[in-house]
Amino acid sequence: MLFTRRFYILFCLISSFGSWHCSERKAAVITKVDEKTMFFHSQKEDFRLELVAQGMRVPWSMDWLPDGRALISDRRKGQIYLLSPRDTTLTEVCNAPDAFSYLDSGMREVLVPPNYAQDSWIYISYDLGREDSTSTLVVERAQLAGDCLEKREVLFTAQPWYKSNYHYGGRLVCRDDYLFITVGDRHFRDSAQLLHTHNGKIMRLHLDGRIPEDNPFVGVPTARPEIWSYGHRNPQGLALQPGSNQLWENEHGPKGGDEINIIQKGLNYGWPAITFGEEYEGGPVGKGLAHQTGMEQPFRHYSPSVAPSGLTFYSGAAFSQWKGNLFFCAMSQRNLYRLTIEEGRIRGEERLLERKGWRIRFIEEGPDGLLYFGTTEGEVWRMKPI
Ligand SMILES: [Ca+2]
């Protein structure tokens, strides 16, 4: 066995001409699935599920390169994988950030922005730990050379660092050459209202990390100039609405009070001063308020909690009846939600994967117009019209 392994490594070294990492970083190949259980009928579209990748721990985000390969982050393993569209094998990306994977922390979003063809930057968020047990959310950009990252640059480090392994946020979206970053309250809820921290905020940066001069708190003494909006608890989904180009977000409330918000410049989304949730042990959060002047109401709130994660508007051609619909994962409901939104109002809500009972972490539309999602069983699946 040992001989075989050594021989294999040697073979790889010789055959790869310096790509020394090639054989050791291949992950699992698809195993057989029970096809009979993969067909679904729903209100507007019928679809089947196809297993795309497996062998991970908690796939947390996915995005595609122009050549058809996909990048998948695994929060729990603290790694990023490349998925080949030809043979469905996963290859671990080398020289990736050294993400701190413990409890709620780890590797987070991997984002290929719309202008990737021009400058080849990939954006990555992850949690970073220090020896004094503090940790924080970091955002980098880097370029791919083969299956390795190079030219890594740190663009953002959330301040302050905390001895907490919860509520990092970590979602990324690119809109109009700006990068939006979510940061959770890190379990220090009052800090979501304090503008001198990054906790409980959504940030806006230029794609090279510079702070835009028209950010709402630039020039405000003691405020962090990266802040775009504040008063968030733990944002786990972020998406652009096609057409309006509005930035939409979902976040975990405490017990109940999970929210979908439409994010606008400089606004206060209320946490922890207002919420529709309550304390985990029961009883009101703070003064028990759900409304307050100067604080935004959610577009939709869920009580009891659904534990939302991932958010995407469907814009493809494969599912014509779902065009413009909003999809998000509801982890505690072990389901995928589909919302029909017309003229700024919810006209319908459907739960799509009830009988699977999966805890789903992200939902993304692929370049093929199919919907891809990752489960905490370490698998990525796609939905395909029948
Ligand atoms: Ca709120």
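How many helices and strands does the chain have?

Guide: The chain has two helices and 25 strands; helices (H or I, at least four residues) and strands (E, at least two) are DSSP runs, numbered from the N terminus. The model is predicted, so local features need pLDDT of at least 70 and side-chain atom pairs count only at pLDDT 80 or more, while totals for chains, interfaces and linings use all residues. Residues are numbered from 1 along each chain as its sequence is written.

The radius of gyration, taken over C-alpha atoms, is 21 Å, close to the 21 Å from the globule rule for 386 residues, so the chain is as compact as a globular protein of that length. That rule is 2.2 Å times the number of residues to the power 0.38. Along the principal axes, the C-alpha atoms fill a box of roughly 70 × 50 × 45 Å.

Now the sheets. Strands of a sheet pair through backbone hydrogen bonds, either parallel or antiparallel. Here two strands pair if DSSP finds at least two bridges between them.

Arg48 stands opposite Lys384 in strand 25.

Another open sheet consists of four strands, ordered 19-20-21-22, and its pairing is antiparallel. Strand 19 (308-313) and strand 22 (345-351) are the edge strands, each pairing on one side only. Neighbouring strands of this sheet are turned by 20° against each other on average, direction ignored. Strand 20 (residues 326-330) is joined by five bridges to strand 21 (residues 335-342), and the two run antiparallel. Phe328 stands opposite Tyr337 in strand 21.

A residue is buried if 20 or more other C-beta atoms lie within 10 Å of its own, exposed if 12 or fewer, and partly exposed in between, with C-beta atoms placed from the backbone. The largest nonpolar core has 82 residues, and Ile122 and Phe180 have the most contacts inside it. Such a core is a set of buried Ala, Val, Leu, Ile, Met, Phe, Trp, Tyr and Cys residues joined through C-beta atoms within 7 Å.

Note on methods:
Axes fitted to C-alpha atoms, helices over the stretch in contact; angles between N-to-C directions.
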